[in-house]
Amino acid sequence: MSTRSSRRSFLRHAAAGFSTLAVSRLAQAQAAAEPPPRALQVEHAVAAPVSVEVNARSIPSFEPRDRSRTRFGSLEYRSGLVLTSPYRGFGGLSGLRFLDGKGERFLAISDQGGWFTGTIRYSGREMTGLADVEAAPVLGADGRPITEKKLWWDTESLARDGNLVYVGLERVNQILRYDFAKGGTRARGEVISVPPALRKLPYNKGLEAMVAVPKGQPLAGTLIAFSERGLDANGNLVAFLIGGPTPGQFGVRRTETYDISDAVLLPSGELLILERKFSWFTGVNIRIRSIPLKSIVPGALVDGPALFAADLGHEIDNMEAIDAHVTADGETVLTLISDDNFSMLQRTLLLQFTLAE
């Protein structure tokens, strides 16, 4: 999500919470942040394909207040990394999809129009770092970086269906389709048709998460698109079924002022929605809700239980992306990554959990 009025404004996590000094500095920055000047909109854009050095520091426990604790709701903490890089375009990561079934090769996208590919390295079940990382610009139909077009840089959502990759642009509420069989991250994007109501989602609160439904699942062939905070008349979150057997619009019940930041579909047919909220009183909160895919039909209002919740007493930041893979032992592993907004006050975190139940 690129909610500049809030996301840029929350504080780097510390076990003791917010510092008064940091809040003051962040509040001053927030007041001047909307809308950013044109020069800043592409300040961290990727100009051309380039190899990227990424350093990793281990996060041994998810809750520093109780380092022995590993269970959090329905999730069990496996491992985590703090990622840093001397490459100034690294950061702002808003979407993540694995390119294999092992949770190793990944495709990520930054919210300034950049692809990132690479491999997660493991020692046993714990992540140890990233290797072979490359950045490349997201290209339009003309073969030019999309960041050359006004407002076409806020790439917030990512979905994958085999070789087809879909990228959602929040501020213009458009979707680009890429055939990775034609050059991978060098492929050219094709704008697809979307519902008129999707195009009318609020500026900077629009298209935030997408899931492509594969064969063998209800709604196979459908692209499910979620708004961050596009609300219907009853204050619920607006979402869309694009293509597939039953295109249309549906709603996701909004509770406790959470917004949607990403989603992932499990082989079981569970749709997991990653949500977060921010306030000056409680800081950042995140949660994961489970919704049965079979409950989603045009006109429906769907809801589901929270499997997991965390706040700044845990090792979180602006968590914006989620994906899943199943290990050789049959464990379902969830991988989350945060968008640091290219801010010195925030971090790029890569976290993994086992879905325990």
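**View 1. An open sheet of five strands with mixed pairing.** The strand order in this sheet is β13-β14-β15-β16-β20. The edge strands are β13 (207-212) and β20 (301-302). Each of these two pairs on one side only. The model shown here and in the other views is predicted.

**View 2. The pairing of β14 with β15.** Strand β14 covers residues 222-231, and strand β15 covers residues 237-243. The two run antiparallel and are joined by six bridges. Which residue of β15 is the bridge partner of isoleucine 224? That partner is leucine 241.

**View 3. A second open sheet, with antiparallel pairing.** Five strands form this sheet, in the order β1-β8-β7-β6-β5. At its edges stand β1 (50-51) and β5 (93-98). Each has a single partner strand, so one side of each is left without a neighbour in the sheet.

**View 4. Strands β6 and β7 side by side.** Residues 105-110 make up β6, and residues 114-123 make up β7. Six bridges join these antiparallel strands. Serine 110 stands opposite glycine 114, a residue of β7.

**View 5. The largest nonpolar core, with 26 residues.** Which of its residues touch the most other members? They are Phe62, Ile288, Phe308 and Leu336. Several strands give two or more residues to this core: β4 (75-84), β18 (270-279), β19 (283-292), β21 (306-311), β22 (319-326), β23 (332-338) and β24 (348-355). The most comes from β24, which gives four residues. In soluble globular proteins, nonpolar side chains tend to be buried together.

**View 6. Phenylalanine 308 and its contacts.** Neighbours within four places in sequence are left aside here. Phenylalanine 308 is then in contact with Phe62, Phe72 and Leu75, among others. The list also includes Ile286, Arg287 and Ile288, as well as Phe353. Two of these partners, Phe62 and Ile288, are named with Phe308 among the core residues that touch the most other members.

**View 7. Glycine 283 in strand β19.** Is glycine 283 buried or exposed? The residue has a relative accessible area of 0%, so glycine 283 is buried. Glycine 313 lies 30 residues away from glycine 283 in sequence. In space, the two are 9.9 Å apart, C-alpha to C-alpha.

Note on methods
Residues numbered from 1 in each chain as written. Predicted model: local features only at pLDDT ≥ 70, side-chain atom pairs only at ≥ 80, totals over all residues. Heavy atoms only, no water. Pairing = 2+ DSSP bridges. Core = buried A, V, L, I, M, F, W, Y, C linked by side-chain atoms within 4.5 Å. Buried < 20%, exposed > 50% of the residue type's maximum accessible area, 1.4 Å probe, protein only. Contact = heavy atoms within 4.5 Å.
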